[in-house]
Amino acid sequence: MKKRPVVVVTRRLPDVIETRLRELFDTRLNLEDRALSAQELADAVKTADVLVPTITDEIDAAVLEQAGSNLKLIANFGNGVDNIDVSAAVAKGVTVTNTPGVLTEDTADMTMALILAVARRIPEGARVIPDGNWAGWSPTWMLGRRITGKRLGIVGMGRIGQALARRAKAFGLSIHYHNRRHVPPRIEAELEATYWESLDQMLARMDIVSVNCPHTPATYHLLSARRLKLMRPDAILVNTARGEIIDEGALTKLIEAGAIAGAGLDVFEEEPAVNPRLVRLAKQGKVVLLPHMGSATHEGRVAMGEKVIVNIRAFVDGHKPPDRVLPSML
């Protein structure tokens with residue numbers, strides 16, 4: 001009988017996925033659902049034929065140096081691979097895969113929810129009645145901003161950016177976008193979207209800016225202090241991509257100074273740590289902070305797990321995994 005590959009899973013996954021992994025492979029699960037320590041991660045890469053990490057696991061060159069010769073596949077449970085040094089993995093003969101496409105609608109839903117939450121002050125309003133602070137309706141109290149007729153600038157017009165654009169168009173927003181290249185004319189026409197080659201020029205003209213691009217070395221602090229200062233004082237910024245794309249310290253200062261009206265953030269530069277000044281702004285109702293839950297649906301997590309299984313099975317059977325990631329793609 002052919003030996004089943006050892007698959008080490010670093011975090012708890014949906015039960016149906018863990019059960020299927022156990023059925024198919026010699027699977028080692030993390031039943032405590034806590035991030036592995038550096039030593040535990042080193043032990044994992046030493047013993048695994050296949051490693052299934054998540055975004056909380058930093059698989060850098062130092063970790064890969066400790067990997068045994070048996071490690072041949074890193075099947076990331078996640079859309080991005082910014083937690084993995086893909087070049088170092090490939091140089092060591094290790095294939096890397098991810099789970100693209102299955103989180104598009106969930107993340108777009110949450111992005112639209114954050115736009116509404118910030119513009120219409122929903123979290124503030126939701127606290128009023130439970131806190132016993134509602135004295136009744138008033139014509140000038142808890143006024144937010146109408147989003148219909150406003151301009152939305154999308155930074156990164158991939159799957160999620162396009163899904164967001166479809167939702168935003170239904171809300172009456174005017175769609176603008178900055179991307180490495182134009183989207184196909186058919187999609188641009190469908191979304192009635194305006195392309196901006198210059199990110200600087202787009203930022204200066206938008207009422208709402210949404211970050212929907214992947215985190216790569218090229219997009220680290222893409223929204224730098226200089227670029228954030230270009231935004232209008234009545235504009236809001238939403239980020240459901242990766243915290244590192246925005247200079248979080250600069251954003252915090254600008255919101256504190258009233259130079260940007262507000263922000264909705266689902267991701268942070270130093271996750272799970274969050275800047276205390278951002279927390280203070282949230283308590284003041286100037287920002288909405290969510291604990292990285294943009295893709296957190298039952299359906300999405302199961303779909304991610306199913307992609308992981310397909311990638312592992314294809315690799316083990318001697319085929320090229322459908323979601324292979326190469327350095328040239330980043």
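Guide: On a 1 Å grid over the protein atoms alone, a cavity is a set of points where a 1.4 Å probe fits but cannot get out, and a lining residue has an atom within 4 Å of a point. The model is predicted, so local features need pLDDT of at least 70 and side-chain atom pairs pLDDT 80 or more, whereas totals for chains, interfaces and linings use all residues. Residues are numbered from 1 along each chain as its sequence is written, and side-chain values use heavy atoms, without hydrogens or water.

The search of the whole structure returns 1 cavity of 30 Å³ or more. The space in the largest cavity amounts to about 40 Å³, a volume being the space filled by probe spheres set on grid points joined across faces, edges and corners. Its lining consists of N239, G243, I246, E248, L251, L265, V267, F268 and E269. By class, 5 of these residues are nonpolar, 2 polar and 2 charged; Ala, Val, Leu, Ile, Met, Phe, Trp, Tyr, Cys and Pro count as nonpolar, Asp, Glu, Lys and Arg as charged, and the others, including Gly, as polar.

The surroundings come next. Helix α11 (residues 248-256) lies across β10 (236-239), β11 and β12, and runs at about 140° to β11. Helices (H or I, at least four residues) and strands (E, at least two) are DSSP runs numbered from the N terminus, and angles, from 0 to 180 degrees, compare the N-to-C directions of lines fitted to C-alpha atoms, for helices over the stretch in contact. These strands belong to an open sheet of 7 strands with parallel pairing, ordered β8-β7-β6-β9-β10-β11-β12. At its edges stand β8 (194-195) and β12 (287-289); each has a single partner strand, so one side of each lacks a neighbour in the sheet. Strand β11 (residues 262-265) runs parallel to β12 and is joined to it by 3 bridges, where pairing requires at least two DSSP bridges.

Two backbone details complete the picture. R121, in the loop between α5 and α6, has a positive phi of about 55° although it is not a glycine. The peptide bond from E271 to P272 is cis, with omega near 5°, and P272 lies in the loop between β11 and α12 (276-283). Most residues other than glycine have a negative phi, and most peptide bonds are trans.

Methods. Contact means heavy atoms within 4.5 Å. On a 1 Å grid over the protein atoms alone, a cavity is a set of points where a 1.4 Å probe fits but cannot get out, and a pocket is an open set with protein on both sides within 12 Å along at least five of seven lines; lining residues have an atom within 4 Å of a point.
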